[in-house]
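Hi,

Here is the structure I promised to pass on to you.

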Amino acid sequence: MKAVHRWALAALGSMFLWSVENCLAGVVSGVRTVALSGMPAPGTNETFGDVGYSGVSLNNRGETAFIASPSFNNFEFLFEPRPTRAINDESVWTEAGGSGLRRIAHEGPGLPGDATYANVARPLISDQGETIYHGSFSGQPAATQRSAVNILRNRLGHTDVVVAAHGSIAPSTSVTYFEIHRPSMNANGDVAFFGGVNASNFQGIWAEVGGEALDLVARRGDSAPGTTGTFRDLSEILTFDSSLAIGSAGHVAFRGAFFSDRTKGAIWLANPTGALQIIVGEGDVAPGANATFHTVGPPRVNGRGELAFSTGLSPTPNPRGSNDSGRALWRYSTETGLVLVAIQGQQAPGVDAVFASNHINFPTFRDPALGEGGHAAFAASLLQGNVMTESIWLADPSSELKMVARQGDPAPGTDDIFIDFGTSTVNARGQLAFSARTVEFSPLHHGIWAQDRNGVLRPIVKAGDSLNVNDNPATPDLREVQYLSFSEGGSFGSDRITGFNDLGQVAFFARFTDGTSGVFVSNAVAVPEPSSIVALGPLALMYRSRMRWAGH
């Protein structure tokens, strides 16, 4: 039987499971178990211990990648004490390529030859069956292992390829990599990362786009296009600032600094051919704001080369209660140029409040997420009278704003209200997802919410919910969620791991009251691909989508 046929039958079984679970009060429905404590680890003689605790990466095929260990982390501050996880026993797992879950790297034997991994970390998964991960080699002094990072690419049926390695010659230079940080990967498997070369750590950005060889994007000391100066710093790499992003068409966006008469920050965009242009710089006039740019935040970029980012403005647009620079959110495209999305002091649409000034607990605007369809999601503080609250917003491609959730609003699926929010993310369809807390000062009373295809906010999973961790409906295994995490990476094109894909699926990590943990994928707000064969129903739509993928 062809794999795609098996997938269709599995989907039918999953739909039956969802219908059974929906009949069980208090049980979260539409969830697939990827890996679970105590489950045999495929291809090994071990069972899973802790699974997915450092984040889960999800692609647009519903496949995941994550870190797992055969032992347990020690979380006494949240849970009952248990043996501390052993040192150097982590491994990278992926579902990329459609062959099921498999281990692709672990701490121990590594590259061919005498090299072994001291650490593995941070897997990212593409739609093309590829997984990118960090690996540092043992045999290095402990003090240098952290900087001796290598970026490796895994593809089903192929030997792992080193994208960049500590000590290797950095392309377009005559020196070697001294440090390698922060790989970003888009849905097509293109990669970009920060690096330092030689002991003086001259920073640079390198990218591998469209199957071409790794090449230099920008380097400290080079002429900064659009200015009379040279690059000084590229995102302050040692602070692990999240300012590097690669869009699905291969655009690379980053925040850097250049020096002419003084040091100024700016945002640059490299198109897929490598041509570099400045988008906005500190001191430039902010269109429509009667101010200049005081600071620039990290950019997000999508497959159309559109950007979204936050800035500080001087003078402050609305100085009431603020001693710092004003804040604003912007988007950019080659067609429209810079467009103001929201600004401090502006009346918030549909709400009797204004976007507030910065506060110690409430930044005016958090850095936005940007979807492939041009939607931008962000968190903002609101001021109504003397009351400050947090809120989550969605800007459509025309920059029309709509509030999705607000501190103090009822949290759907609970008897509680929202207390605070995590970072929001948005997919290509304009669906928004975020994590939030519903009980003040409690890390355990929180959950994940996402919009369905009609924009209605739905609960995905919450602390206190029961999950059936057994995909076999005949033998349910219900476990109570004590803690969970969701990787809110914005969308593909962000350098961070993302757990929300363009189908509307949500990947998350959950720890249960019995101490076990697992990786799960929810289909609660997933949107089937549009089709003319509606009469065949959701299964036919999912089957058609899988056929399209299988043909690649």
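Strand β5 (residues 91–94) is joined to β6 by four bridges, and the two run antiparallel. Within that pairing, Val 92 has Ala 105 of β6 as its bridge partner. A word on terms: strands are DSSP runs (E, at least two residues; helices are H or I, at least four), numbered from the N terminus, and two strands count as paired if DSSP finds at least two bridges between them.

Before going further, please keep in mind that this is a predicted model, in which local features need pLDDT of at least 70 and side-chain atom pairs count only at pLDDT 80 or more, while totals for chains, interfaces and linings use all residues. Residues are numbered from 1 along each chain as its sequence is written, and side-chain values use heavy atoms, with hydrogens and water left out.

On its other pairing, β5 meets β4 in the antiparallel sense, again over four bridges; here Phe 66 has Trp 93 in β5 as its bridge partner. β4 is in turn joined to β3 by four bridges, also antiparallel, and Ser 57 stands opposite Ala 65 in β4. The hairpin of β3 and β4 has five residues between the strands, and Gly 62 takes a positive phi near 80° there.

Put together, this gives an open sheet of four strands in the order β3-β4-β5-β6, with antiparallel pairing. β3 (51–58) and β6 (102–106) each have a single partner strand because they stand at the edges, so one side of each is left without a neighbour in the sheet.

Is β4 mostly covered or mostly open? Strand β4 (residues 64–68) is mostly covered, with five of its five residues buried (under 20% relative accessible area with a 1.4 Å probe, protein chains only; exposed is over 50% and partly exposed lies in between). Thr 64, Phe 66 and Ala 68 point one way from the strand, Ala 65 and Ile 67 point the other way, and all are buried.

A cavity here is a set of points, on a 1 Å grid over the protein atoms alone, where a 1.4 Å probe fits but cannot get out, and lining residues have an atom within 4 Å of a point. The count comes to three cavities of 30 Å³ or more.

Best wishes

Notes
1 Å grid on protein atoms, 1.4 Å probe; cavity = no way out; pocket = protein on both sides within 12 Å on 5 of 7 lines; lining within 4 Å. Points joined across faces, edges and corners; volume = space filled by probe spheres on them.
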